[in-house]
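Here is a short report on one protein model.

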Amino acid sequence: MKLSQFKFKLPEEQIALYPAYHRDECRLMVIHRKSGRIDMHLTDGEGKVLQNEDGTPQFIEFRHLVNYFDEGDAFIFNDTKVFPARLYGTKEKTDAKIEVFLLRELNETMRLWDVLVEPARKIRIGNKLFFDESGTMVAEVIDNTTSRGRTLRFLYDCPHDKFKRELFELGSSPLPHYIVDKRPATEEDMTDFQCIFAKNEGAVTAPASGLHFSRELMKRMEIKGIEFAFITLHCALGCFHNIEVEDLTKHKMDSEQMFVEKEACDVVNKAKLSGKHICAVGTSVAKATETAVGTDGLLKEYEGWTNKFIFPPYEFGLADSMVCNFYHPQSTLMMSACAFGGYDLVMKAYDLALENGYRFGCYGDAMLMLDD
């Protein structure tokens, strides 16, 4: 398919700058892949749309997700943990303000980090950056990587755990630029932009579809007998990069580190072999499981990296249902959703979302795609 086929006009007011008051109370649109039906509103036993006191229809909310699954069905979550990757420092001598976005630690002993800097034109090899008023947290630029990429060596002599703790205390939640360009990150974002089941540190953006799950919802799912499996894919910034080619087969994704362990495989494969539903929570889970699924349709243990780019047409080998957000136009995330739900049906759902005021982006509303 072509890049231009995923273009649409997204009004600024429909880009969510804040999450729903409760995680599980955003809207949930439900699309049915085989029948082509799209549900937005709650109905009674006879299919009549329920109404609010003011006569407006009641929208399906994310907490109603549990109603679409049964005992023995399995959900696959990404338990990667976001760290406070965005720092602001000042350049030596000029005091120019520099944004430093931590990507990953390259060497614990030498305190080396792979980072992005903005504005990049001001930062050259040999420059020093200061990150606190006392001047104790200092980094030296020792290499260029990409146009905005640099390698920093932090000049901080203390045990690694203390260094990392104090470095992260200077950072803020790595919200995407479509949010922080409109309002600053807050302390609340450190909680809001983190899944409640986050465990393994390494992500520089959240697996956003998992943000909607509350402890109350997961307890209700557990009581119903729904199984949980956890894999890890450390979400990088590749999903936010602009695609610069019209032919999608020529686009190359950044590699992301992932881990699929035996415990997750056992949960998923038991459900699969029992004829139960397998739900991938988010495009990161879809990417990881499609990397690790075998030709027999079962999930395999995996430790390594993936740069899989999923776009239509694509035949998924494992999950038969999927939770995702409403994504920005021409994004790889939107393309993955279209690959799962079917291009025409998902585009129709996006049109309805735009018409009915659904919110887009990581803090926005959600979509559930079912195989019926």
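Buried means under 20% relative accessible area, exposed over 50%, and partly exposed in between, computed with a 1.4 Å probe on protein chains only. This is a predicted model, so local features need pLDDT of at least 70 and side-chain atom pairs count only at pLDDT 80 or more, while totals for chains, interfaces and linings use all residues. Residues are numbered from 1 along each chain as its sequence is written, and side-chain values use heavy atoms, with hydrogens and water left out.

**Loop between β5 and β6**

Helices (H or I, at least four residues) and strands (E, at least two) are DSSP runs, numbered from the N terminus. Asp 95 sits in the loop between β5 and β6. Asp 95 counts as exposed because its relative accessibility is 58%. Its phi is near 60°, a positive value in a residue other than glycine. Lys 93 is found in the loop between β5 and β6 too. Its relative accessible area is 80%, so Lys 93 is exposed. Phi of Lys 93 is near 75°, again positive in a residue other than glycine.

**Strand β3**

Is strand β3 enclosed or open? 5 of the 5 residues of β3 (residues 74-78) are buried, so the strand is largely enclosed by the rest of the structure. Ala 74, Ile 76 and Asn 78 point one way, whereas Phe 75 and Phe 77 point the other way.

Two strands pair if DSSP finds at least two bridges between them. β3 pairs with β12 (residues 227-233) in the parallel sense, over 5 bridges. Phe 77 stands opposite Phe 230 in β12. β3 also pairs with β14 (residues 278-281), parallel again, over 3 bridges. There, Ile 76 stands opposite Ala 280.

Contact means heavy atoms within 4.5 Å. Ile 76 is one of the residues that Thr 289 touches, along with Leu 299 and Leu 318, not counting residues up to four places away in sequence. Thr 289 lies in helix α6 (residues 283-292). Its relative accessible area is 2%, so Thr 289 is buried.

**Nonpolar cores**

A nonpolar core is a set of buried Ala, Val, Leu, Ile, Met, Phe, Trp, Tyr and Cys residues joined through side-chain atoms within 4.5 Å. The largest has 97 residues, and Phe 75 and Phe 213 touch the most other members. Helix α7 (residues 332-341) gives the largest share of this core, 7 residues. A second, separate core has 28 residues, including Ala 85, Leu 102, Ala 139 and Leu 167. Phe 213 has contacts that include Phe 62, Phe 75, Phe 77, Met 218 and Val 281, not counting residues up to four places away in sequence.

**Helix α1**

In helix α1 (residues 160-169), the buried residues are His 160, Phe 163, Leu 167 and Phe 168. They cover an arc of only 125° around the axis, so they lie on the same side of α1. The arc is that of the directions from the helix axis to the C-beta atoms. Asp 161 and Glu 169 are exposed on the other side of α1. The cover over the buried residues of α1 includes β5, β6, β7, β10 and β11.

**Salt bridges**

A salt bridge is a side-chain nitrogen of Lys or Arg within 4 Å of a carboxyl oxygen of Asp or Glu. The whole structure holds 16 salt bridges. Among them are these:

| Pair | N to O distance |
|---|---|
| Arg 86 and Glu 99 | 3.5 Å |
| Glu 140 and Arg 153 | 3.0 Å |
| Glu 256 and Lys 287 | 2.6 Å |

Glu 256 is in strand β13 (residues 256-260) and Lys 287 in helix α6, 31 residues apart. Both Glu 256 and Lys 287 are buried. Salt bridges that share partners also join Arg 33, Lys 34 and Asp 371 into one network.

Arg 86 and Glu 99 are both buried. Glu 140 lies in strand β9 (residues 138-144) and Arg 153 in strand β10, so their pair ties together parts that are 13 residues apart in sequence. Glu 140 counts as buried because its relative accessibility is 18%. Arg 153, at 28%, counts as partly exposed.

**Cis peptide bonds**

The peptide bond from Glu 118 to Pro 119 is cis, with omega near 0°. Pro 119 lies in the loop between β7 and β8. Another cis peptide bond joins Pro 312 and Pro 313, with omega about -10°. Pro 313 lies in the loop between β15 and β16.
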